[in-house]
Amino acid sequence: GGEENMLMTGPFYEITHAAEANINRQRVGLQFYWLPAATAWIFDQPRVYGRIGINLQDRNRDDEIFFGAGCGADF
């Protein structure tokens, strides 16, 4: 769609290294960002976003699947 409604999706790769603690984390997955309309009731640019993926390297969560989602709007 145009600026008033769009869907963006794609892969991601994330690596985090905490040097002092010597902790590494690597994750890979798919993320999305959706703007369904320019306005909805009293809200401007309502949006929904999320991620789903797998932990490739994490000392507590190796090979575990994760999911995160959220929503927001301007008012």
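1. Start at the Arg47–Asp74 pair: their side chains meet in a salt bridge at 3.3 Å, N to O (a salt bridge being a side-chain nitrogen of Lys or Arg within 4 Å of a carboxyl oxygen of Asp or Glu). Arg47 is in strand S4 and Asp74 in strand S5, so the bridge ties together parts 27 residues apart in sequence. Strands here are DSSP runs of E, at least two residues, numbered from the N terminus. Asp74 is partly exposed at 35% relative accessibility (buried is under 20%, exposed over 50%, partly exposed in between, with a 1.4 Å probe and protein chains only).

2. Some ground rules. This is a predicted model, where local features need pLDDT of at least 70 and side-chain atom pairs count only at pLDDT 80 or more, while totals for chains, interfaces and linings use all residues. Residues are numbered from 1 along each chain as its sequence is written, and side-chain values use heavy atoms, leaving out hydrogens and water.

3. Glu14 is worth a look. It bridges to Arg25 at 2.9 Å, N to O, a link between strands S1 and S2 across 11 residues. Glu14 also forms a salt bridge with Arg51, again with closest N and O atoms 2.9 Å apart; that one ties S1 to S4, 37 residues apart in sequence. Glu14 is buried at 17% relative accessible area, while Arg25 is partly exposed at 27% and Arg51 partly exposed at 25%. Glu14, Arg25, Arg27 and Arg51 are linked in a network of salt bridges, and the model has four salt bridges by this rule.

4. Two of those arginines also meet rings. The charged end of Arg51 sits over the ring of Phe12, 3.8 Å from its centre, and that of Arg27 sits over the ring of Phe66 at 4.0 Å. The test is CZ of Arg (or NZ of Lys) within 6 Å of the ring centre and within 35 degrees of the ring normal.

5. On the surface there's a nonpolar patch with about 900 Å² of accessible area together, including Tyr13, Ile15, Val28 and Phe67. Patch residues have over 30% relative accessible area and no salt bridge, with nonpolar side chains joined within 5 Å. S1, S2, S4 and S5 each supply at least two residues, and S4 gives the largest share, three. Tyr13, in S1, counts as exposed at 51%.

6. Finally, Asn55 in S4 is buried at 4% relative accessible area. Leaving aside neighbours within four places in sequence, its contacts (heavy atoms within 4.5 Å) include Arg25, Arg27, Asp62 and Phe66.

How values were computed:
Patch = residues over 30% accessible without salt bridge, like charges linked within 9 Å, V, L, I, M, F, W, Y side chains within 5 Å. Areas by Shrake-Rupley, 256 points an atom, 1.4 Å probe, with all protein chains shown as cover. Helix = DSSP H or I, 4+ residues; strand = E, 2+ residues; numbered from the N terminus.
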